[in-house]
Amino acid sequence: MNHNALGNVFILAAVAAAAGGAVPGLASGLMRRDAGLKWVRRAVWAFFLAMLGANLTMVSALVTHDFSVKYVAQVGSRATPLLYTVVSLWSALEGSILFWGLILGTYVLGFLLAHRHEHQRYLALALAVMLAVGAFFAFLIAGPANPFGEVSPVPLDGPGPNPLLQNHVLMVIHPPMLYLGYVGMTVPFGLTVAALLRGELGHAWMAPLRRWTLIPWAFLTVGIVLGAWWAYAVLGWGGYWAWDPVENASFLPWLTATAFLHSILVMERKKLLTLWTVVLGLSSFVLTLLGTFMTRSGVFNSVHSFTQSEIGPAFLVFLGVVLVLSVALVATRGHLLLREPGAFRSAASREVAILANNLVFTAITFVVLVGTTWPLVAEGMFGKRVSVGEPYFNKMFVPGAAAVLFLMGVGPVLPWGRGERGMMLRQLLLPLAGAVVALVGCLAAGLGGGWALTTFALAGFTTVVTLRELLLPARVRMEEKQEGLITAVFQSAARARRRFGGYVVHLAVILVAVAVAASRQYVAHTTATLKEGESMQVGRYTLTYRGMQSGKEPHREFVAARVEVSGESDLVLPRMNYYERSNDPIQTPAVLSRPHEDLYVSLMAYSKEGGTASFNTWVFPLVGWIWWSLPLLLLGTAVAAWPERRRVPSVAQVPSSAGQGAT
Amino acid sequence: MSYGEPDYEQATAGIRTPSPVARWTATALALGVCAGLLFILGKGFGRNPHEVPFALVGKPAPTFTLRRLDTGAPFSFEQMRGRPAVINFWASWCGPCKAEHPVLHWAAQRFGTRVQFVGVVFEDSENNAKAFLRDHGIPFPQLVDPESRTAVSYGVAGVPETYFIDAAGNIHGKHVGPLTQEAFITEVKAILGEGGP
Amino acid sequence: MTATALGLTLALVSGDYAPTQAGSAPLSPELEARVQRVGKELRCAVCQGVAITDSPASMARAQLDMVRQLVREGKSDEEIRAYFVARYDEWVLLDPKTEGTSGLVWFLPVAVAALGALGGAWYVRQNRAGKVAAPAAVPPASPPAGGDAFLDAIRSELDR
């Protein structure tokens, strides 16, 4: 069988499996019967296998250069290296949706396997909702975004994937990370919809809900940070985040998911904010759909967007259906979740701090949403073409980010419930000292800039709080159990993994905040046009232009400027890459990365006749820590998300009592 | 709803939940916001996000004095005063410019006596521009625009773009992208102030 | 790398690609800082929502050269913005105006944040302790284990 037919068979099988699982699952779940689960299980396996088959078929078509397949004819080329050929599976629109389907299938199967022995009724409902989403994506692949169409006559070669994709290895990892983050939000969506459908959100649901949000959240975080790193390393404009619609599209669900991961703490411990948490869970999923729409509909103007396509209208309809169903669910079932037994006992409490955190995150979400869609709104409502760019977002975002940093410090100091005033004030002394030390240190070093100094002072405050929260439990153990420091840290971390992991993530976030503030505020920037042998100054570096060189790689040609950096033995080589498919050269900067600062040299222009080259150069203090924070961030997330075996029996007990409570 | 606590029903018995009126008001509000968002997104279809607005329509055309690519002699905007003018911004590296070149040839032959045609080279090396004209013919004066200052003063947003200026020196409009004969005739009639060709 | 190889590539490259050109010479440091600051707020005409200081496109360079020219002529920031708005409309401003309909993009999020804060306060008030006749089982104050209330709080968190 050829690739076209085989691919289409797999896709149709995926549509059938997803729909065939969603309908009986929803029906039996709503009737509170267990009969449907059997079907749902089979459908999940079938959906996964069909998606796997379809993706393997496409990879096989790509690798064997079967240009009779529409997608291969679009993105394949015999000249492309094997790695990029495989990667081009997700380099263009249709392939990315196909890959999306595989990820969704894997998530749903993973969820089924992880929870196959637990709470069967809600499992059927939740899986059915996820399969319903899967049915939509399978339909997209089968219809409007079908990559398996037949091309005739069969071309001898293709144009190869988007040159930007081939420019850097980060582009190989960044998109799948983002997809894993986007698609993963389907799982908490399934869980929250199931909770609303059943009108209950018992304790047994919360551990899976939290964990299955944490996983896509982590992928989304990695995807966003790697995307920033990629933009920095490849695009040559000396930035890592431009508030481009597609960047914003990935940031929006990240914001609501972050808020969700905090509000769920209040829900679990204090039996408050239940409906709010559910709404955040729904919003995260809706925003991933909105983000996908932004990237793939051709409606938004972006560096990263795919070309105009036919899936836009289908996506908009799906987005509308999900939105309306979500609102309808909250309207008809939401009040059931408002009967919470919890209560606020003091305004100066952890739960109020987390509520404030949620409000700030929601406000930031709204800023990003309004700013991103405003050009559409202004055109649609006032007939006016306007732009909303980086200056707007920076002005609106920075105060919100400072508030988040502040709450990250104050929240952990405040106890759950109600605390004793004197104790809380005493606990604030040491962190305040941290803030003062940071501020005085910066001022003594002659640093200025209002927001940067605010950030550093807040970072000092929050770092002290976070380290204390990380280490105090260890100290307690050292005193009471006579353990050594290392053992005590490990033991205390293992005994409260979520707490420990969460604070480790906080440390990584503080690191990012400081790196962003420093690299923005204290950047040195110089542009110059040099003749061979001439020098320019940027920061404390002297750069001397030593002529051009050029070369040819399999998929591109390049010219590079040879630049000598004071105090460095090796030349740096900022280059311009020329791809067959692109009219404009793509600059690749040369970056000398150090722990305390990066030297960033971009080749803007060169003239063969005049023998000159123009450079755009920057020195960014601390900028690398934005991406070097990733290991810390991943460590924290892994600690927090690691399944706790000891807890399994106690979790498994709850559904029976929950069932009794409901009947 | 259950938190798995035995006294749950009792504990929550006295809790007030929002009244139906409040619930449905909130729902209507949420639906309104959703409908608004969907409407705006839906209206976005068919919109070309790459289109750049042009605000100089009806305004006096910016003046310039530029050097001719062939002779090096100066050519100023004043030389065109009193006649309708067509200014074409182009570059040798731009594919659509190659495609529209025959249309410009045809137009210059047909309207050259009544309309002043001028070409402005955009972001190109002089050698490349000259080579392009050697290969494709030079139907009218071509000017060199250092640092593209004239292009920016005309609000150029890419090449090719063709500006139509009436006899009074006001910009009647611009054509973005490669010209066709039909598009050219429609625009040029307007600056000639006539109904027939 | 030899000069002939360079010449070959440049010849290959010069045909189909826009030749890059050097920007005009930078002004004195304080004027150049103004050029960069104003340029950061102006949108490149051929790019995807990127500022003219940030784009490698030749159009962006040309626009930035124009900003430099206007600064050299002694124009104020407001006059420079007006120059570009006269050509490309408000679309060219990456920092939207604060008056007129564009003011909404600044006002709406602030208004929603304020409403959210009110809503949050209302929610806390609604759910104060004692909202139900028989209060939900409140965990008894943890027994004084060590005498330091803060350490006790941490201990109780670890036991969860």
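Me: How many helices and strands are there in chain C?

Reply: Chain C contains six helices and zero strands; both are DSSP runs numbered from the N terminus, helices being H or I with at least four residues and strands E with at least two. Read along the sequence, its pattern is α-α-α-α-α-α. This is a predicted model, in which local features need pLDDT of at least 70, side-chain atom pairs count only at pLDDT 80 or more, and totals for chains, interfaces and linings use all residues. Residues are numbered from 1 along each chain as its sequence is written, while chains are lettered from A and ligands numbered from 1 in the order in which they are written.

Me: What makes Gly23(C) count as buried?

Reply: Gly23(C) has 22 C-beta neighbours inside 10 Å. A residue is buried if 20 or more other C-beta atoms, placed from the backbone, lie within 10 Å of its own, exposed if 12 or fewer, and partly exposed in between. The value of 22 reaches the cut-off, and Gly23(C) is therefore buried. In chain C, buried residues make up 37% of the 160 residues.

Me: Where is Gly23(C) placed, and with which residues is Gly23(C) in contact, leaving aside its neighbours within four places in sequence?

Reply: Gly23(C) sits in the loop between helix H1 (3-16) and helix H2 (29-40) of chain C. Apart from neighbours within four places in sequence, its contacts (C-beta atoms placed from the backbone and within 7 Å) are Arg61(C), Leu64(C) and Asp65(C), together with Thr527(A) and Ser614(A) of chain A. The C-alpha atoms of Gly23(C) and Ala62(C) are 7.4 Å apart, although 39 residues separate them along the chain. For chain C, 40% of the contacts with a separation of 6 or more join residues 24 or more positions apart.

Me: What is the class of the residues on the side of chain C that touches chain A?

Reply: In this interface, 58 residues of chain C are in contact with 69 residues of chain A. H1, H2, helix H5 (103-126) and helix H6 (149-158) of chain C each supply at least two residues of that side of chain C. H5(C) gives the most, with nine residues. By class there are 33 nonpolar, 13 polar and 12 charged residues, where Ala, Val, Leu, Ile, Met, Phe, Trp, Tyr, Cys and Pro count as nonpolar, Asp, Glu, Lys and Arg as charged, and the others, Gly among them, as polar.

Me: Why is Asp89(C) called partly exposed, whereas Glu123(B) is called buried?

Reply: Asp89(C) has 19 other C-beta atoms within 10 Å, and is therefore partly exposed. Glu123(B) has 23, and is therefore buried. Asp89(C), in the loop between helix H4 (77-88) and H5 of chain C, has a positive phi of about 70° although it is not a glycine. Glu123(B) is likewise not a glycine, yet has a positive phi of about 45°; its loop runs between strand S4 (116-121) and helix H4 (126-136) of chain B.

Me: Why are H14(A) and H15(A) described as roughly antiparallel?

Reply: Helix H14 (residues 350-382) and helix H15 (residues 390-413) of chain A have axes that come within 10 Å and cross at roughly 165°. Angles under 35 degrees count as roughly parallel, over 145 as roughly antiparallel, 65 to 115 as roughly perpendicular and the rest as oblique. H14(A) and H15(A) are therefore roughly antiparallel to each other. The residues of their contact divide into 15 nonpolar, four polar and one charged.

Me: What makes H10(A) roughly antiparallel to H21(A)?

Reply: Helix H10 (residues 203-234) and helix H21 (residues 630-641) of chain A cross at roughly 170°, with axes that come within 10 Å. That angle makes H10(A) roughly antiparallel to H21(A). Their contact includes Leu214(A) and Val222(A) of H10(A) and Leu633(A) and Ala640(A) of H21(A). Its residues comprise 10 nonpolar, two polar and one charged.

Me: Which peptide bond to Pro153(A) is cis?

Reply: The bond from Ser152(A) to Pro153(A) is cis, with omega near 0°. Pro153(A) lies in the loop between helix H6 (120-142) and helix H7 (163-166) of chain A.

Me: What is the mean pLDDT of chain A?

Reply: The mean pLDDT (the predictor's confidence in each residue, from 0 to 100) is 88 for chain A, and 94% of its residues reach 70 or more. Over residues 646-663 of chain A the pLDDT is below 50. Where pLDDT is low, the predicted coordinates should not be read in detail.

Note on methods:
Axes fitted to C-alpha atoms, helices over the stretch in contact; angles between N-to-C directions. Contact = placed C-beta atoms within 7 Å.
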